[in-house]
Amino acid sequence: MSVSESTNGPVSITTKDACVDFPIFDARSRSLKKTVMGLVGGNIDSAAKVPVIAALRDVTLSLDHGARVGLVGHNGAGKSTLLRLLSGIYEPTRGVATIRGRVAPVFDLGVGMDPEISGLENIMVRGLFLGMTRKQMQERVDDIADFTELGDFLRMPLRTYSTGMRVRLALGVVTSIDPEILLLDEGIGAVDAAFLEKSKQRLVELVARSGLLVFASHSDEFLRELCDTAIWMEHGQIKQQGELDEVLRAYKGQHA
Amino acid sequence: MTALAQPDARPWRKAVDDLAGGWRQRQLWGHLGWQDIRQRYRRSLLGPIWITISMAVTAVALGILYAGLFGIELATLLPHVLVGFVVWNFISGCIAEGSEVFIANEGLIKHLPAPLSVHVYRLVWRQLLFFAHNFIVYLVMLLVFPQPLRWTVLAVIPAVVLLALNGAWVALAVGIITTRFRDIVPITQSVVQLMFFMTPIVWIYENLLNSDNPAIAERARLAEFNPFLHFLEIIRRPLLGQDQHLRHWVVVLAITVVGWALTMVVMRRYRSRVSYWV
C-alpha cells in the first residue's frame, strides 16, 4: 500500500500518468474453467483476454499541504474513482501514485456501520476505521453524542434508527476526527435543514483541521464554502485544473 | 500499451508493508474480531457457546458411534475425537472463511484504504476466540476422562501459534485467489469437507497402522501425506499426554515456511489487484 502511516512531515499526494483500468469479469471470463480452457485450446488472445474499462487515464497532479480541491464532472466522469486512487484503495495499473499522510476517506456514510450493535459502539468502530485510536475515540464520544442529539437512542442497536438518525451519527463521527488527508464524496443529504446548518459548521471546522482536502460535489455552494481550487474530470481524464471559479465557469459554461 | 511505467517499484517491500501495516492496526481488527464474537451473544442467551455445544454434541455422538464401529474403548476414542474436532474447527474455519475473506469485505475494501492483511488478521483472531470457546469442551472432558498430562502439555502453546500462522497465510493466499476466480470458493469448501474424513479425527491413525490386515496398514501410511494430520498431531498429542514425534513438528514448520513464501509471491504479484477484483 502506498499509503504511509501517520507522518509528521507535510502531507502530499502526487500522481504521474496514473491509469486505473478495471477488468470486467463476466461469469464466463471470471471462472477458472475459461482460463484453463483458454490456455489449453490456444487462441489465448481472444479467449483469455478480459475486457477492460479505462476508468482513469493519465492523471497527473500534485497536491500539497493546505490544498483545498473541489472535484467536478458528470456522473461517471471518474470522480469517485479518482478519490479512490488518491486514497490508495486503487493502486494505478500504470503510472505512479504517491500518498504521504494518513487518509480519511468519507465516501459512503454507511460503510463500516453495523446495524446490530448500538450507536455508541458504532461510533467506536467507525472511528477505528478512520484511523483513530480507541483512546482518541473515547475522548470524543461525548462530543459526538452531543452533536447527534440522539440521547438515549445511542444505546439502542443501529437497526432501530431512521435513515436521518444514521446520517447524523455517521456525520458526527466523521466530523470529529483529525484527518491528515480528507477525501469527501458527496451524498451528504437526508438530514433536516436545521441539522444541515449545524453539520456545515462542523464540516468547515473539519476541513480547517485537515492538511489536505479533495471534495467531490455537484453543489456549487458547498464547493465555494470548502475549496479554493478545482479539478474538472471528464471521461476519466483531467479536463481542467485551476482556480475554483475559473473551473466552475468553464464547467458550467459547457452546459449552457 | 506504450511507455509502460513501472507501477510498483518495490513490490516486495509493499507486500511486507501490507502485513506490517495491518499488524499495527491491531486495535481495529482486535475490536472487530471481538465484535464478531459478541454479535453471536446478542439476542441469544448462550451466544457463541452454542457453537461449542453443537460441536461437543457432534463429537460425542461420533465418538460413541465410531467407538462401537471400531471396537475401541470410549475412554480412548472420545478424547481423541473431541480434541480433533476443536483443532479441525479452527483449520476448517480459516480455510472456509478465508476463501471469502475479501469477497465478504468488499464494502470495506472499496471504501477504506486499509492493508489487506487487516481482514485476514481479524479472521484468524476470530477463529482463535472460537478455539478458546471450544477449548472449554476439552477442559470438561478432562474431568470425565482424566488424561496422563505431563509438562509436555506446554507444547500446545507453540503448536497453536504455528496453527494461527498457517491459518493466516492460507486465508491470505486462498482469499486472493478466490477473489479472482469465484469458482474456487465452492471447490475449497467441498475439499475442506472431504478432508474432514480423510484426516484422523474420528478414526485413530495408529490403530490402522498397526492393523493385522497388511492392506489396511499399507493404506494408513498414505495418511502421512495429509498435511492436516501433522497439525492435528502436534496439538492433540500433548493435550492427551501422548509421546510426541519430531517429524510432525518438522513437517508443520516446513509447511509454515513454504506456505508463507508462496503467499508472499502471491501478495507481491496480486495484492494491489484485490480491490479491483472484489
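Start with the aromatic rings: across all chains of this predicted model, a search of the whole structure turns up 18 aromatic pairs. Select Phe22(A) and Tyr276(B) to see one of them. Their ring centres lie 5.4 Å apart and the planes meet at 50°, so this pair counts as tilted, falling between the 30 and 60 degree cut-offs. The pair also crosses between chains, running from strand S1 (residues 12-23) of chain A to helix H14 (residues 274-277) of chain B. Are these two residues buried or exposed? Both Phe22(A) and Tyr276(B) are buried.

Next, pick Phe215(A) and Phe222(A). This pair is edge-to-face, with 6.1 Å from centre to centre and 90° between the planes; both residues are buried.

Then move to chain B and highlight Phe85(B), Trp88(B), Phe196(B), Phe197(B) and Phe228(B), a cluster linked by ring pairs.

Two arginines are worth a stop as well. Arg202(A) sits over the face of Phe147(A), 4.1 Å from the ring centre, and Arg180(B) sits over the face of Phe181(B), at 4.5 Å.

Now for the nonpolar core. The largest one has 164 residues, and Leu63(A), Val214(A), Phe102(B) and Ile235(B) have the most contacts inside it. Helix H8 (residues 156-180) of chain B gives this core its largest share, 14 residues. Zoom in on Val214(A): beyond its sequence neighbours within four places, its contacts include Leu63(A), Val69(A) and Leu183(A).

Finish at helix H7 (residues 163-174) of chain A. Nine of its 12 residues are buried, so the rest of the structure largely encloses this helix. Among the buried ones are Met165(A), Arg168(A) and Gly172(A).

Conventions:
Residues numbered from 1 in each chain as written. Chains lettered and ligands numbered in written order. Predicted model: local features only at pLDDT ≥ 70, side-chain atom pairs only at ≥ 80, totals over all residues. Heavy atoms only, no water. Core = buried A, V, L, I, M, F, W, Y, C linked by side-chain atoms within 4.5 Å. Buried < 20%, exposed > 50% of the residue type's maximum accessible area, 1.4 Å probe, protein only. Helix = DSSP H or I, 4+ residues; strand = E, 2+ residues; numbered from the N terminus. Contact = heavy atoms within 4.5 Å. Phe/Tyr/Trp six-rings, centres within 6.5 Å; stacked < 30°, edge-to-face > 60°. Lys NZ or Arg CZ within 6 Å of the ring centre and 35° of its normal.
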